[in-house]
Amino acid sequence: STPNGCYMDTDGNGVIDNFDYLAMKLNWGRTANNPLKSRDDFNPETFDMSQNYPNPFNPATSIRFSVPERSQVTLVVTDMLGRTVATLVQGKIETGVHSANFDASVLSSGIYVATVSMTGLESGLGFSKTIKMTLSK
């Protein structure tokens, strides 16, 4: 604890600086009962999409998403020029957590973008999210 607040010299250099703040924030993120600890724990009551796993990947990866109600869902993968290379999901999806697999064995190495668009059929609520994925062959 210091006069400026509750900060600690986490790297032991005798100075409390931004590196100490970052170290404390990262360590706090690893502690138990931290709501920010894991983005993989989906709440089926919200729209969400996770980062693909594994990332980077070769040649396949998985993308998880959740829908709180029966929804119209579109999940597409595009290259960096905006060309659609795969449509992973298109249609009505039931409530819950789902997974879509992306097989890029016929594609070249590079960055690809996955975009999900969801619209609840009962509420009309919409959700959209985009992630970057790295194919490394």
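**Close-up views of a predicted model**

Glu94 has a relative accessible area of 47% and is partly exposed (buried means under 20%, exposed over 50% and partly exposed in between, with a 1.4 Å probe and protein chains only). The model is predicted, and local features need pLDDT of at least 70, side-chain atom pairs count only at pLDDT 80 or more, while totals for chains, interfaces and linings use all residues. Residues are numbered from 1 along each chain as its sequence is written, and side-chain values use heavy atoms, with hydrogens and water left out.

**View A. Salt bridge between Glu94 and Arg70.** The closest N and O atoms of the two residues are 2.7 Å apart (a salt bridge is a side-chain nitrogen of Lys or Arg within 4 Å of a carboxyl oxygen of Asp or Glu). Glu94 lies in the loop between strand E4 (84–93) and E5, and Arg70 in the loop between E2 and strand E3 (71–79), so the pair ties together parts 24 residues apart in sequence. Helices (H or I, at least four residues) and strands (E, at least two) are DSSP runs, numbered from the N terminus. Arg70 is partly exposed at 39% relative accessibility. The structure holds 3 salt bridges.

**View B. Salt bridge between Asp79 and Arg83.** The side chains meet at 2.7 Å, N to O. Asp79 counts as buried, at 11% relative accessibility.

**View C. Salt bridge between Asp48 and Lys129.** Here the closest N and O atoms are 3.6 Å apart. The pair links distant parts of the chain, with Asp48 in strand E1 and Lys129 in strand E7 (residues 126–135), 81 residues apart. Asp48 is buried at 12% relative accessibility, whereas Lys129 is partly exposed, with a relative accessible area of 24%.

**View D. Aromatic pair of Phe47 and Phe127.** A search of the whole structure finds 2 aromatic pairs (rings of Phe, Tyr and Trp, the last by its six-membered ring, pair if their centres lie within 6.5 Å; planes under 30 degrees apart count as stacked, over 60 as edge-to-face and the rest as tilted). In this one the ring centres are 6.0 Å apart and the planes at 10 degrees, so the pair is stacked. Phe47 lies in the loop between helix H1 (18–29) and E1, and Phe127 in strand E7, so the pair ties together parts 80 residues apart in sequence. Phe47 is buried, with a relative accessible area of 14%; Phe127 is partly exposed at 23%.

**View E. Open sheet of 3 strands in the order E1-E2-E5.** The pairing is antiparallel (two strands pair if DSSP finds at least two bridges between them). Strands E1 (48–49) and E5 (96–103) are the edge strands, each pairing on one side only. E1 is joined to strand E2 (residues 60–67) by 2 bridges, and Met49 has Phe65 in E2 as its bridge partner.
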